[in-house]
Amino acid sequence: MSKKTMQKFMDWLQYKVTPAVQKFTERPWVHGFSAGIVKCLPFILTGCLIFFYNVVQPYFPNILPNLSAVSNYTFSMLSLLVAFMMVYQEMGSLKHRNYQVVGGLTGICAYILAMKGTTVDGVYSVTWNRFGPTGIVVAICIGLYVSIIFHLIAKLNLFKNNNTIPEFVQEWIKNIIPIFLSILLLKIVIIDLDVDLYPIVLKLFAPINAIAQTYPGFILLNLFCCFFYSLGISGWTWSGPRNAIFIPAQAANVAAVAAGGTAMYLTTSEVCNGIALICLGGMGCTLALNIWCLFSKSKRLKTLGRVCIAPAIFNINEPILFGTPIVFNPILMMPMWICTTVNATIVWIVMRTGLLAIPTIELAMVATIPAPFSTVMFTGDMRGVIWWAVCLAVDLLIWYPFFKTYEKQEVEKEAAEALAKA
């Protein structure tokens, strides 16, 4: 690719693609959707904390209490939390802040109704696993459904310039109408028409999940985020749709192993993020770049390498991403994409061939534990150390020619600056 063509490509990315993506992700409905799931992550991470606790607890059973119930009630109620938070965040994004809490509570009521429970002797029963991660897609749909109704009612702007009805009565009516409509329409579908939405929604989304679990889907989900990250768009932007795929898949792995079967799904947060092989040093596998910077002939790059190595070990690479910079730097963007694709391919092959165990730990969504500790911890397989070394070696080889090209430019620039000062 000629220098002129490369410049045109970079200009297209910088002035066309990036603004368009940022504009799309900042749309109220899209922003609210992503935030609705991201805001539930503290409950997931609480379960992660209990997991680490449970690694130590069996060795001191008489001193440390069993806290498994904490993770059960934070993770197994995840869909119910998403149903609330989805509406809450959408109402905030759509500037209907007076509807946030009421809308969120309506989302919970609507989700429980959609679970089609049974009442026997005055006891209402719903299958427990429908509140857990397997129902997260249904919770998203219910949350969006309730959000649409509240949004449409809010747009009517009831009681505009009306001073005859007390303000508190106006608020009651404004809340009663969308609550009534949300529950009434679901009641007609669920109770009167005897429709169980849970399996229907899961079946509709099954093809998407199936594609995500293929090799192309696995590569695409990892490379997609890395590509936009190299344009300065945070990976958190895509957390909503990615976690809608990741969380049910990992729950299915855990359930399969608990039932005596084997884990089958690789497109999970545990594989893509947790074991830290596809994001060594952070998204884009920038640990290798950081290592090369430590031995750079450029004073600036060497200093940058020393400053950034500590966070890089914990897979935090914003300092080197923007300090180098990698963002909108064609020389350093390419190895990010290549390393992500190659490392993801290595992980796919070794896990599919049984050379590395598939993670079967629920809630292992932490991506800041240094590899290879995280690799071994989440897979329970000591061979993770070998594959960490292989991935790092491959990354070092991939980054080297790109780094040397960029280093040469920096050395020449520093020499020119020194000459100018002299």
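Buried means under 20% relative accessible area, exposed means over 50%, and partly exposed lies in between. Phenylalanine 328, at 22% relative accessibility, therefore counts as partly exposed. This is a predicted model. The protein chain has 18 helices and 2 strands. Of its 422 residues, 46% are buried.

**Overall build**

- Along the principal axes, the C-alpha atoms of the protein chain fill a box of roughly 80 × 60 × 45 Å.
- Among contacts with a separation of 6 or more, 76% link residues 24 or more positions apart.

**Nonpolar core**

- The largest nonpolar core has 40 residues.
- Leu78, Val82, Tyr111 and Ile142 have the most contacts inside this core.
- Eight-way listing aside, the elements that give two or more residues to the core include H2 (28-38), H3 (41-56), H5 (78-93) and H6 (100-114).
- Also on that list are H7 (136-156), H8 (167-192), H9 (197-212) and H11 (239-258).
- H7 supplies the largest share, 11 residues.
- Beyond its neighbours within four places in sequence, valine 82 touches Cys40, Ile136, Ala139 and Ile140.

**Helix packing: H7 with H11**

- The axes of H7 and H11 run 9 Å apart, at an angle of about 145 degrees.
- Ile136, Val137 and Ile140 make the contact from H7.
- Ala244, Ile247 and Pro248 make it from H11.
- By class, this contact has 6 nonpolar, no polar and no charged residues.

**Helix packing: H1 with H16**

- Helix H1 (residues 3-25) and helix H16 (residues 330-352) pack at an angle of about 75 degrees, and their axes are 12 Å apart.
- H1 is therefore roughly perpendicular to H16.
- On the H1 side, the residues in contact are Met6, Phe9, Met10 and Leu13.
- On the H16 side, they are Pro330, Met333 and Trp337.
- This contact counts 7 nonpolar, no polar and no charged residues.

**One face of H4**

- Helix H4 covers residues 68-75, and its buried residues are Ser71, Thr74 and Phe75.
- Seen down the H4 axis, these buried residues fall within an arc of 85 degrees, so they line one face of the helix.

**Serine 374**

- Serine 374 sits in helix H17 (residues 373-379).
- Its relative accessible area is 0%, so serine 374 is buried.
- Leaving out neighbours within four places in sequence, serine 374 is in contact with Gly274, Ile275, Ala276 and Ile369.

**Cis peptide bonds**

- Threonine 324 and proline 325 are joined by a cis peptide bond, with omega about -10 degrees.
- Proline 325 lies in the loop between helix H15 (318-323) and H16.
- Alanine 371 and proline 372 are also joined by a cis peptide bond, with omega about 10 degrees.
- Proline 372 belongs to the loop between H16 and H17.

- Asparagine 315 is not a glycine, yet its phi is positive, at about 60 degrees.
- The loop between helix H14 (299-313) and H15 holds asparagine 315.
- Relative accessibility is 11% for asparagine 315, so this residue counts as buried.
- Phenylalanine 328, likewise a residue other than glycine, has a positive phi near 60 degrees.
- Phenylalanine 328 is in the loop between H15 and H16.

Notes: Residues are numbered from 1 along each chain as its sequence is written. This is a predicted model: local features need pLDDT of at least 70, side-chain atom pairs count only at pLDDT 80 or more; totals for chains, interfaces and linings use all residues. Side-chain values use heavy atoms; hydrogens and water are left out. A nonpolar core is a set of buried Ala, Val, Leu, Ile, Met, Phe, Trp, Tyr and Cys residues joined through side-chain atoms within 4.5 Å. Buried means under 20% relative accessible area, exposed over 50%, partly exposed in between (1.4 Å probe, protein chains only). Helices (H or I, at least four residues) and strands (E, at least two) are DSSP runs, numbered from the N terminus. Contact means heavy atoms within 4.5 Å. The arc is that of the directions from the helix axis to the C-beta atoms. Axes are lines fitted to C-alpha atoms, for helices over the stretch in contact, and angles run from 0 to 180 degrees between N-to-C directions. Ala, Val, Leu, Ile, Met, Phe, Trp, Tyr, Cys and Pro count as nonpolar, Asp, Glu, Lys and Arg as charged, and the others, Gly among them, as polar. Angles under 35 degrees count as roughly parallel, over 145 as roughly antiparallel, 65 to 115 as roughly perpendicular and the rest as oblique.
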